[in-house]
Amino acid sequence: PHEEVPTLEDIAQRARKIEGLNFIFIDYDQLMTTRKYFKTEERRVSYIAQSLKLLADELKVVVVLLSQVNKEGTARWSAEKENSATVVIGIEKDPTEDIFNVWLPLNRYGPSLIKDEGIKFSIDWETRRMGED
């Protein structure tokens, strides 16, 4: 049977019980749910982003929220996600070869790294090794 997706509140409750927790990874944030009701998607996403930021501060852990971007290069409701973020990391694969570009559009701890100046790396899919390009 398919396990039900945990809500934001479930994740927070579980995280508070784990000793030595350092990271919380949230993949596919568009599917994250909460027990609260919101009239708009924007308010729901805002509540989730702010709650994850508070949870990170409370537990002194790093919360990593993975979010895909649209064709224009912005995440869905990205303003709130970026307002709550300490660091935003962009990763994009070259469409013609196995080269990836990593950049840092937001870094509250220091300088950012724009997309055109990003770090490039490749992946050998047979050995699963990464190499700097």
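In what order do the elements of the protein chain run from the N terminus on? They run α-β-α-β-α-β-β-β-β, which comes to three helices and six strands. Helices (H or I, at least four residues) and strands (E, at least two) are DSSP runs, numbered from the N terminus.

Before we look around, a word on the model. This is a predicted model, in which local features need pLDDT of at least 70 and side-chain atom pairs count only at pLDDT 80 or more, while totals for chains, interfaces and linings use all residues. Residues are numbered from 1 along each chain as its sequence is written, and side-chain values use heavy atoms, with hydrogens and water left out.

**Confidence**

The predictor's confidence in each residue is called pLDDT and goes from 0 to 100. The protein chain has a mean pLDDT of 82, with 89% of its residues at 70 or more.

Let's visit helix H2 next. Its 19 residues (41-59) reach 27 Å from the first C-alpha to the last, close to the 27 Å expected at 1.5 Å a residue; the expected span is 1.5 Å times one less than the number of residues. Several H2 residues are buried, including Arg-44, Ile-48, Leu-52 and Leu-55. Buried means under 20% relative accessible area, with a 1.4 Å probe and protein chains only. Of the 133 residues in the protein chain, 29% are buried.

Which residues make up the largest nonpolar core? There are eleven: Leu-8, Ile-11, Ala-12, Ala-15, Ile-24, Ile-26, Met-32, Ile-48, Leu-52, Leu-55 and Val-61. Such a core is a set of buried Ala, Val, Leu, Ile, Met, Phe, Trp, Tyr and Cys residues joined through side-chain atoms within 4.5 Å. H1, strand S1 (23-26) and H2 each give two or more residues to this core, and the largest share, four residues, comes from H1.

Just after H2, Lys-60 takes a positive phi of about 55 degrees. Then there is Val-61: leaving aside neighbours within four places in sequence, Val-61 is in contact (heavy atoms within 4.5 Å) with Leu-21, Asn-22, Phe-23, Ile-24 and Ala-56.

**The sheet**

Four strands form an open sheet in the order S3-S4-S5-S6, with antiparallel pairing. Its edge strands are S3 and S6 (129-132), and each pairs on one side only. From one strand to the next, the twist averages 30 degrees; axes are lines fitted to C-alpha atoms, and angles run from 0 to 180 degrees between N-to-C directions. Two strands pair if DSSP finds at least two bridges between them. Here are two of the pairs:

| Strand pair | Bridges | Example of bridge partners |
|---|---|---|
| S3 (residues 87-93) and S4 (residues 99-107) | six bridges | Glu-92 and Asn-101 |
| S5 (residues 119-124) and S6 | four bridges | Ser-122 and Gly-131 |

S3 and S4 form a hairpin with five residues between them. The hairpin of S5 and S6 has four residues between the strands, and there Arg-128 takes a positive phi near 65 degrees.

Technical notes:
Buried < 20%, exposed > 50% of the residue type's maximum accessible area, 1.4 Å probe, protein only.
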